[in-house]
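Hi,

Here is the structure I promised to pass on.

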Amino acid sequence: MAESCSKAVGNISSMNPPAAEVRNLYKSFGDLSVLKDVSFSLREGEVVSVIGPSGSGKSTLARCICRLEEINSGEIYLYGDRIDNGRHSNRDIAHLVGMIFQQFNLFPHLSVLENLVLSPIRILGLSRKDAEEKGVALLRRVGLEEKRNSRPRELSGGQCQRVAIARALSMNPKIMLFDEPTSALDPELVGEVLDVIADLADSGMTMMIITHEMMFAKEVSNRVLFMDEGKIVEEGTPVEIFSCPRLPRTQLFLQRMLVHFGRELTEADGKEGCDRVP
Ligand SMILES: Nc1ncnc2c1ncn2[C@@H]1O[C@H](COP(=O)(O)OP(=O)(O)OP(=O)(O)O)[C@@H](O)[C@H]1O
Ligand SMILES: [Mg+2]
């Protein structure tokens with residue numbers, strides 16, 4: 001996995017068009033100011049990981065991009081189209097972005113394949129035959145073709161999350177947003193889900209991944225954003241962020257992460273230099 005993923009790093013040209021662009025985003029819940037002047041862009045084919053302490057606003061940022069939350073001010077563009085002004089239907093957004101949540105949100109009363117064909121038939125207008133063919137192909141892609149007739153309760157958490165990823169892909173989104181896709185899983189099931197996400201990264205899918213899996217973020221990302229208290233306080237390549245973080249806040253966060261991930265997390269792999277002075 002690490003070998004194939006590392007190919008992606010550094011290959012994304014700044015000339016690639018922005019797939020998602022967030023400008024000066026503010027979001028509050030009542031008196032609680034959660035996102036404070038957040039700006040960034042995600043280029044086509046880029047894999048951006050978002051890391052940061054609990055409550056820093058990572059999920060809220062992803063939910064605003066999917067338009068699951070109304071924003072207070074700022075601008076959000078998907079492929080150049082401004083989507084925060086209410087002119088786009090949920091259907092329009094579903095064509096552009098697929099979101100994967102910590103909890104898989106599969107329909108429990110439907111079979112795995114039914115979970116996959118529902119939206120393509122209703123929203124994309126596919127025939128049942130085409131939707132099923134596509135659903136089976138996607139299940140094959142995530143290694144679960146033989147589970148097509150199972151109910152979600154008959155699957156492990158890792159298998160459920162792989163079905164959820166296949167379901168999101170069934171809408172042909174241009175961008176995939178992952179919000180801690182492995183944090184509800186038993187440790188031994190994390191790898192199988194990360195492998196599927198790494199394969200997607202390898203295939204050129206544009207992705208934003210919110211994760212506490214630091215080693216994964218380091219391996220799979222082109223760029224890493226560190227969020228704290230509602231702001232993107234530092235961003236850079238994985239080597240820059242993990243091996244030469246500039247800000248004391250980032251350094252402290254990573255120090256805490258070392259307890260879980262060991263020194264490997266902050267050591268550069270030697271293939272890519274870091275010009276920064278930490
Ligand atoms: N619907 C909501 N109503 C009120 N407050 C909310 C709502 N959603 C999030 N918040 C608050 O916004 C802040 C940021 O939450 P968010 O879920 O974006 O953080 P996070 O960085 O994703 O954290 P974690 O790593 O724990 O998932 C938190 O203080 C949270 O309690
Ligand atoms: Mg969150």
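Predicted model: local features only at pLDDT ≥ 70, side-chain atom pairs only at ≥ 80, totals over all residues.

Let me start with α2, where K58, T60, L61, A62, C64 and I65 are buried (under 20% relative accessible area with a 1.4 Å probe, protein chains only; over 50% is exposed, and partly exposed is in between). With six of its eight residues buried, α2 is largely enclosed by the rest of the structure. Helices here are DSSP runs of H or I with at least four residues, strands are E runs of at least two, and both are numbered from the N terminus.

Residues are numbered from 1 along each chain as its sequence is written, chains are lettered from A and ligands numbered from 1 in the order written, and side-chain values use heavy atoms, leaving out hydrogens and water.

Now the ligand. There are 13 residues around ligand 1, and S54, G55, K58, S59 and T60 come nearest (a residue is near if one of its heavy atoms lies within 4 Å). By class, that shell has four nonpolar, seven polar and two charged residues; Gly counts as polar, and Asp, Glu, Lys and Arg as charged. Which element gives the most to the shell? That is α2, with three residues, and β2 (32-43) also supplies at least two.

As for contacts with oxygen atoms of ligand 1, a polar side-chain atom of T60 lies 2.5 Å from one. Backbone N or O atoms also come in, at 2.8 Å for G55 and 3.1 Å for S56. The protein buries 59% of the 640 Å² that ligand 1 exposes when taken alone (Shrake-Rupley, 1.4 Å probe).

Elsewhere, the largest pocket has a volume of about 670 Å³. A pocket is an open set of points on a 1 Å grid over the protein atoms alone, with protein on both sides within 12 Å along at least five of seven lines, and lining residues have an atom within 4 Å of a point. Its 23 lining residues include A94, V97, G98, M99 and F101, which lie nearest the centre. Two or more residues each come from α3 (90-96), β6 (97-100), α4 (112-122) and α6 (157-169). The lining divides into 15 nonpolar, five polar and three charged residues.

Cheers

Key: Polar contact = N/O pair within 3.5 Å; in protein donor to acceptor, adjacent residues only side chain to side chain. 1 Å grid on protein atoms, 1.4 Å probe; cavity = no way out; pocket = protein on both sides within 12 Å on 5 of 7 lines; lining within 4 Å. Points joined across faces, edges and corners; volume = space filled by probe spheres on them.
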